[in-house]
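I opened this model to look up how its parts pack. The entries follow the order in which I checked things.

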There are 2 protein chains.
Amino acid sequence: MGASKTHIFSLVQNELAQAAKVLAHPARIAILEYISRQENCICNDLVDVIGLSQPTISQHLNEIKKIGLLKGTFEGKNLCYCINQERWEELQYSFNAFFSNINQNCC
Amino acid sequence: MGASKTHIFSLVQNELAQAAKVLAHPARIAILEYISRQENCICNDLVDVIGLSQPTISQHLNEIKKIGLLKGTFEGKNLCYCINQERWEELQYSFNAFFSNINQNCC
DNA sequence: ATTTTATATTGCAATATTACGATAAAGCTT
DNA sequence: AAGCTTTATCGTAATATTGCAATATAAAAT
């Protein structure tokens, strides 16, 4: 097969997994960290900073965008990507809820 | 190519990505949630509860074990997997640190 | 000792991800 | 308009992941 059987899991489980998948690549972690340190983010910087090709960076940015973590606005000739604060906090809350719901009395 | 260029990223970035990768499948989310709800975990239950074949469940459990999230001990004839509390909290801390380090003054 | 039960491993097919060169598109600059 | 810069898309190759049938292993029960 190869494809995940997403239909046998709950929406919440699938959404958390989907979010985790976006964080499951060091380039995307690095991109998010970099954007968060900048006032503005010019994409071309990322190519230099991260050390991957421009198409690859573009693809990674797209993955991050897909789950709503980035807002993009144009500013002069360069595209300015920024963290979507609301979505970011939503995910932070989801991960934290997941990690907090653990029963300790076993073994 | 196809393989991730892990060597161009920091240890912390790679480790967080690695942990996220384990959470990046709804079956593994479901397995962790299920284990956390039980006093003991008999693996064979998981096959029924999750709805994937025994070899597939075994593989997923192995992925979870690889990053140290499970402790396993034998109890009678059944293997008992449990959440490794220390490691769990470590990851919770890592994710939370990542999510908390976001600069808001952009766009 | 043989059977039963539970878990792990192997091998393989289907699909997904990662990466990049080539090229396209879109907006400035002149 | 022509050229420059920046980002997106296409096409393709390499690798990784997901899933299961078949089989192996290991412990418990008979």
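**Entry 1: helix 2 of chain A.** I began with burial in helix 2 of chain A, where Pro26(A), Ala27(A), Arg28(A), Ile29(A), Ala30(A), Ile31(A), Leu32(A), Tyr34(A), Ile35(A) and Ser36(A) are buried. Buried here means under 20% relative accessible area, exposed means over 50%, and partly exposed is in between, with a 1.4 Å probe and protein chains only. That makes ten of the twelve residues, and I noted helix 2 of chain A as mostly covered. The helix takes in residues 26-37 and reaches 17 Å from its first C-alpha to its last, close to the 16 Å expected at 1.5 Å a residue. The expected span is 1.5 Å times one less than the number of residues.

**Entry 2: ground rules.** I am working on a predicted model, in which local features need pLDDT of at least 70 and side-chain atom pairs count only at pLDDT 80 or more, while totals for chains, interfaces and linings use all residues. Residues are numbered from 1 along each chain as its sequence is written, chains are lettered from A and ligands numbered from 1 in the order in which they are written, and side-chain values use heavy atoms, with hydrogens and water left out.

**Entry 3: chain A overall.** I read off five helices and two strands in chain A, in the order α-α-α-α-β-β-α along the sequence. Helices (H or I, at least four residues) and strands (E, at least two) are DSSP runs, numbered from the N terminus. Of the 107 residues of chain A, 44% count as buried. I also looked at contacts (heavy atoms within 4.5 Å). In chain A, 46% of the contacts with a separation of 6 or more are between residues 24 or more positions apart.

I then checked confidence: pLDDT is the predictor's confidence in each residue, from 0 to 100. The mean for chain A is 87, and 86% of its residues reach 70 or more. Within chain A, strand 1 (residues 70-75) is lowest at a mean of 71, and helix 1 is highest at 97.

**Entry 4: how the copies relate.** I superposed chain A on chain B with a rotation of 180° and 0.0 Å of shift along its axis, at an RMSD of 0.0 Å. This is the relation of a two-fold axis. The superposition is by least squares on the C-alpha atoms of residues with pLDDT of at least 70 in both copies. Which residue of chain A comes closest to the rotation axis? I found Ala20(A), with its C-alpha at 2.5 Å. The copies meet through the same surface, because 100% of the interface residues of chain A are also interface residues in chain B.

**Entry 5: helix 1 of chain B.** I noted 13 residues in this helix and a reach of 19 Å from first C-alpha to last, close to the 18 Å expected at 1.5 Å a residue. Its buried residues are Gln13(B), Asn14(B), Leu16(B), Ala17(B), Ala19(B), Ala20(B), Val22(B) and Leu23(B). They pack against helix 1, helix 2 and helix 5 of chain A, and against helix 2 (26-37), helix 4 (54-66) and helix 5 of chain B.

I looked up Asn14(B) separately: it is buried, at a relative accessible area of 17%. Not counting residues up to four places away in sequence, Asn14(B) touches Pro26(A), Thr6(B) and Phe9(B). Asn14(A) is also at 17% and counts as buried; with neighbours left out in that way, Asn14(A) touches Thr6(A), Phe9(A) and Pro26(B).

**Entry 6: the core.** The largest nonpolar core has 66 residues, and those with the most contacts inside it are Leu23(A), Phe95(A), Leu23(B) and Phe95(B). Such a core is a set of buried Ala, Val, Leu, Ile, Met, Phe, Trp, Tyr and Cys residues joined through side-chain atoms within 4.5 Å. Beyond four places in sequence, Leu23(B) is in contact with residues including Leu16(A), Ala20(A), Phe95(A), Ile29(B) and Phe95(B).

**Entry 7: aromatic rings.** Rings of Phe, Tyr and Trp (its six-membered ring) pair if their centres lie within 6.5 Å; planes under 30 degrees apart count as stacked, over 60 as edge-to-face and the rest as tilted. I counted nine aromatic pairs over all chains. The rings of Phe95(A) and Phe95(B) are stacked, because their centres are 5.2 Å apart and their planes are at 10°. Phe95(A) lies in helix 5 (residues 85-100) of chain A and Phe95(B) in helix 5 (residues 85-100) of chain B, so the pair joins two chains. Phe95(A) is buried at 2% relative accessibility, and Phe95(B) is buried at 2%.
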